[in-house]
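Here is a short report for a reader new to this structure. Take a look at the sequence and the model, then read on.

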Amino acid sequence: MSGLGFINPFGVRELPGTTTGDFYTANFAQKAQPGRVILNLGPQHPSTHGVLRILAEMEGEYVWRAEPVLGYLHRMHERMAEVKTPQQFLPNMGRVDYLHPLAWNWAYVGAVEKLAGLEPPERAQWLRTLSCELNRISSHLLWWGAFVMDLGGVTPILYAFEEREKINDILQIITGSRLTMSYFRLGGVCADADDRFLALTREFVPYLRERLKMYRGLVTDNVILRRRLEGVGPIDVDMCRRYGATGPVLRAAGSPNDLRRDVPYGTYPQHDFWPATGFPDDCFGRYLVRLAEIESSLDIVEQAVRGLPPGPIMVDKPPKANFKMPAGETYFAVEGARGQVGVHLVSDGGKNPYRVKLRAPGFSNLSLFAEAAQGTLLADAVAILGSLDLVIPEIDR
Amino acid sequence: MTVLDNLAADWKKCGACVVSRHDFRKDGLTLSAVTPTKALKAAAEALLRAGYALLDVSVMEVREGFLATYHFDSFAEAGRTALRTLVPFEAPELPSLSGLFQGAEWHERECSDFFGVRFFGNPNPVPLLLPDDFDGPPPLRKDPAALAPLSALGLFGVPEILDPAWAELIGPGGRPKGDRA
């Protein structure tokens, strides 16, 4: 078959026999036991969120083996980082994870600032926290809608989008965009919060708290939802550790790990909030963790609006176009909506970084799917997939 | 003895060439070590016992060869640590850590895609992010003329050099001061 004569680092592979389909299908089918069905989910399947593809070997309704197939959205951001200056590369960060772009903004800007020894002014720090948390809420809301839709409930996503639109309206005022936001700059942020932004944010916090009560009655306490989620797909701390899973997946497993509290950055040490823990380690636990995080993010937003200090939003001498980072290495990580967003930055003292490694939390979270889905019903495997909160552009980068 | 002291002692027992202490606020690391490729698995096992998780595998090209950096984090306290190993361009072969940290499988496949390095013992050595019919040089390989020497990248914090051969590779002073450019 074609497509196998590629030059890959593993040497040219020859598959025996004549199998149909592409490389992965052939590879999968080759190892399949007789009597089992190879099922292809995606890359355009509605339950796989974008362009994720899952190959599953099924025995009846049960998943014998399931393997995610990646790369359909791969854009080689790490290469782009090496051929662009940090300022030129910043807009890329909004495109890596389109649901929580400000966390990626922060991770990259933070890494460069760490290396260059830049300290953004107080007001810029507070605006970063404020915008990042609003963005986290919108990310969790969209996940909530899409997850319940995966399980067969179509209505909630319409509610989720209503709130999400409100957040987009608010964030648009300061970031200038509704999706792939690029708000952070080296040494500060690009626009100051005006009265309209603050007034809308102040209005939004109590509004969403009321709506969350309604969601509890409408969705969380719904018996059908509970039966689909409770006891399904347990993921414990040990499994998270072996696969490097972080974020809500890890917190649902019982570890209170949250970079906002453990390795505080920005203004988080000045905020009063609780990491979401104490939930079961199944799909329902991961559902509850994210809803609890919306509430704690609302607390942070409220505190940030109240405590926003006056002052400049940019360092006195922001880096110019010919800015050169000092030689050195740093690793900066922030808590994104899906877990630890890390940037490993190495500079040789030139204009462009020498090497940038982007650590996507979804990548590690998805890698445990094969183990978590083994032996479950196909419908439960879809619930597990949804409970991991996948954003494929981030995984494929 | 703190967790980090224990780790440093374990790594030295495994035969680490360099063990470095870092300023977390500047480098984002607390402790790192360079190990011979043969000792990488043993050094990673010490991290597994100490309750660390593998965050990512970050390969980069330097003049001396491929430098693989494995980042670990403990979910308890202590902070991020890193293990490094250097493999020559002629034999870009690394041991797979997927027996210890199952998540390593994907990270290693990604590195193979981007750099053409091989990981022995990886259970599923097929391309992960690049298409299976990708026909071209590994996309993150650099122009040989653009490669920086290991000593110019300031990777080693405050190093304790155990293998004299590495004293020269690291160069004087570990982290370069001032602006090289």
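Chain A holds 16 helices and eight strands. The model is predicted. Chain A has 397 residues, and 52% of them count as buried. Its radius of gyration is 22 Å; a compact globule with 397 residues would have one near 21 Å, so the value for chain A agrees. Among the contacts in chain A with a separation of 6 or more, 69% link residues 24 or more positions apart.

Chain B comes with five helices and eight strands. Along the sequence, the pattern of chain B reads α-β-α-β-α-β-β-β-β-α-β-β-α. Chain B has 181 residues, of which 50% count as buried. For 181 residues, a compact globule would have a radius of gyration near 16 Å; chain B has 16 Å, so the two agree. In chain B, residues 24 or more positions apart make up 54% of the contacts with a separation of 6 or more.

| Chain | Box of the C-alpha atoms |
|---|---|
| Chain A | roughly 70 × 55 × 35 Å |
| Chain B | roughly 50 × 40 × 30 Å |

Strands of a sheet pair through backbone hydrogen bonds, in a parallel or an antiparallel way. In chain A, strand S1 (residues 37-41) and strand S2 (residues 53-59) run antiparallel, joined by five bridges. One pair to look for: A:Ile38 has A:Glu57 in S2(A) as its bridge partner.

S2(A) is also joined to strand S3 (residues 62-69) of chain A. Seven bridges link these two strands, and they run antiparallel. S2(A) and S3(A) form a hairpin, with two residues between them. A:Gly60 sits in the turn and has a positive phi of about 65°.

**The sheet S6-S7-S8 of chain A**

Further along chain A, three strands make an open sheet. Their order is S6-S7-S8, and the pairing is antiparallel. Which strands lie at the edges of this sheet? The edge strands are strand S6 (328-336) and strand S8 (355-359) of chain A, each of which pairs on one side only. From one strand to the next, the twist averages 10°.

Strand S7 (residues 339-347) of chain A pairs with S8(A) over five bridges, in the antiparallel sense. Within that pairing, A:Val346 has A:Arg355 in S8(A) as its bridge partner. A helix packs on the sheet too: helix H4 (residues 101-116) of chain A touches S6 and S7 of chain A. The direction of H4(A) makes about 150° with that of S6(A).

**Where the chains meet**

How many residues does each chain bring to the contact? Chain A gives 47 residues and chain B gives 46 residues. On chain B, helix H2 (24-27), strand S3 (52-62) and helix H4 (104-115) each supply at least two residues of the side that touches chain A. S3(B) provides the largest share of that side, six residues. What classes of residue make up the side of chain B that touches chain A? By class, that side has 26 nonpolar, nine polar and eleven charged residues.

Methods. Residues are numbered from 1 along each chain as its sequence is written. Chains are lettered from A and ligands numbered from 1 in the order in which they are written. This is a predicted model: local features need pLDDT of at least 70, side-chain atom pairs count only at pLDDT 80 or more; totals for chains, interfaces and linings use all residues. Two residues are in contact if their C-beta atoms, placed from the backbone, lie within 7 Å. Helices (H or I, at least four residues) and strands (E, at least two) are DSSP runs, numbered from the N terminus. Ala, Val, Leu, Ile, Met, Phe, Trp, Tyr, Cys and Pro count as nonpolar, Asp, Glu, Lys and Arg as charged, and the others, Gly among them, as polar. The radius of gyration is taken over C-alpha atoms; the globule rule is 2.2 Å times the number of residues to the power 0.38. A residue is buried if 20 or more other C-beta atoms lie within 10 Å of its own, exposed if 12 or fewer, and partly exposed in between; C-beta atoms are placed from the backbone. Two strands pair if DSSP finds at least two bridges between them. Axes are lines fitted to C-alpha atoms, for helices over the stretch in contact, and angles run from 0 to 180 degrees between N-to-C directions.
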